[in-house]
Structures are given as structure tokens and as C-alpha cells.
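Trainee: I have a structure open and would like to learn how to read it. Could you take me through some features?

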Amino acid sequence: MSATRDEAAPADGADTGLSAPAGRPRRSRGAGFIGFLGELLITAGLVLALFVVYSLWWTNVVADHEADRQGDRVRDHWAEPKQGPGALDTKSGIGFLHVPAMKNGEVLVKKGTSTDILNDGVAGYYTDPVKSALPQDEKGNFTLAAHRDGHGAKFHNIDKLKKGDPIVFESKDRWYVYRVFAILPQTSKYDVEVLDQVPRKAGVKKPGRYITLTTCTPVYTSNYRYIVWGKLERVDPVNAQRTPPAELR
């Protein structure tokens, strides 16, 4: 509908109310609706932008703060003299993951891979559908998960890992040094075989001491999983100064 003009001017002294001035086109209903729709879309866009900022930035800030708090509590717990060698506190956290290629500092490792746990900016070891081994076990696969985006995004740079790169797990009294030997850039999120104690999808056929890192892929989605496998190379004792192994210096 096109804009129209008044056909007759009001009589002198008549109240024109909100009528458009003579000679000025009226705004059609269609134009008004388009304007309203445009404002609505702008508002929706701003809300969406704020949500993205919240998801990809603010949740990282909150999760990093919580992870630091929990990590400090674990280290304080380790420092208590009543704790003997090899003591394992699966509730507060069992130790710290160090992966130089991911450039994310130390990552607290806790029991479980539920959203409630991983949202605190930590990595978790699997309790189901395939139970994880622990680093001190004589044989098995130490299987871990962490977020790739938001909530600390501890495995965001998992794609930077290459074969031969070190992965180090720090416990109260041991440094476990693994070496990456296989990578699977994409697999189904239902592919539980990657968590097997003998990870045949990584090309191994016999029991050993392995570590597996899992996270979502592609970035900003959860459609598939990215997998990195490592094999234990050596175990170093922790000294009084907690001097890290050469791989972390």
C-alpha cells in the first residue's frame, strides 16, 4: 500500500490531533510493521551476541576461577603431613594434567565426566560407559574428557598435539610421562571403543599403560569426538621441590 495525503485541510482552529502535517505522506501499516520487525531483529541479534559472549568468554572466566580454587585445595591437601605416599582423593581431584602443546597450563583431573564436573574447568576421567584405569595401575587406559569451548575450554587446542608430543600427569608423589603415538581427528560421539583398556583403534594389540584424551569436534559443536592416545614412557618421583620433568621445563 502506497503512502497517501489528506484530501482536505482541517478548518481553521480545528484540533488536528496526531494527524500528519499537510503535504507530508502518511506512514503505511506495511512500513510500520517492517520497522517493528527490524527493531525486533536487532534486539534478537543483541541478545544472541550477549549469549555468545557469555558462552565463550564469561563461562571461561568463571570456570577458570573455580578450577584454580579447587586446584589450590588439592595442593594444600597434598601438603598435609598426614597424607602418606600414594594417597588418592578421588573426590577433590587426583592430580594435574600438563600438555605443553595445548598451552593451557595445568588442568585439574577429577573423577567423572558429567557436565556438572567438566563445567568447573577441569578434566574428568571416565567411570562409564568404559571405566578408566588410573596412572598408577600396572596396565590400562587412563581416559579423560574436557570441554573444547566454554567452561574453561581446557582441550581447546587438542588439535595442536602431534605424534611424539609429551603428555604429563602429576600426582602427589609421581610424574607420569606419556608420549603421543596416535590421533583420531574425528569419530562418532558414540564410539566407546576409543576408551578400551587396549585401544585397538590406536593400533595397539596388547595391554600397556595408555592415556586417552577426548573432546568435541569440530570447534563450537558437539557432533563428533577428537581423540589423542599416548603411551607411558616413564615414571619420575616427585622431589621436595616438586621439580617438573624435562618435558615441562
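Mentor: Gladly. Let's begin with contact, which means heavy atoms within 4.5 Å. Leaving aside its neighbours within four places in sequence, Leu213 is in contact with several residues, including Leu97, Phe155, Ile167 and Val228.

Trainee: What should I know about the model itself?

Mentor: The model is predicted: local features need pLDDT of at least 70, side-chain atom pairs count only at pLDDT 80 or more, and totals for chains, interfaces and linings use all residues. Residues are numbered from 1 along each chain as its sequence is written, and side-chain values use heavy atoms, with hydrogens and water left out.

Trainee: Which residues touch the most other members of the largest nonpolar core?

Mentor: In soluble globular proteins, nonpolar side chains tend to be buried together. A nonpolar core is a set of buried Ala, Val, Leu, Ile, Met, Phe, Trp, Tyr and Cys residues joined through side-chain atoms within 4.5 Å. Buried means under 20% relative accessible area, exposed over 50%, and partly exposed in between (1.4 Å probe, protein chains only). Here the largest core has 25 residues, and Leu97, Val109, Phe142, Ile167 and Leu213 touch the most other members. Strands β2 (106-111), β3 (123-125), β4 (140-145), β5, β6, β7 (209-217) and β8 each supply at least two of its residues. Another core, of ten residues, lies apart from it; Leu118 and Val194 are among them.

Trainee: How do β5 and β6 pair?

Mentor: Strands are DSSP runs (E, at least two residues), as helices are (H or I, at least four), numbered from the N terminus. Two strands pair if DSSP finds at least two bridges between them. β5 (residues 166-170) and β6 (residues 174-188) are antiparallel, with five bridges, and form a hairpin with three residues between them. Val168 stands opposite Val177. β6 also pairs with β8 (residues 224-237), again in the antiparallel sense, over twelve bridges; there Ser188 has Tyr224 as its bridge partner.

Trainee: Is Tyr220 buried or exposed?

Mentor: Tyr220 is exposed, at 59% relative accessible area. Ala153, in the loop between β4 and β5, has a positive phi of about 45°, but Ala153 is buried at 14%.
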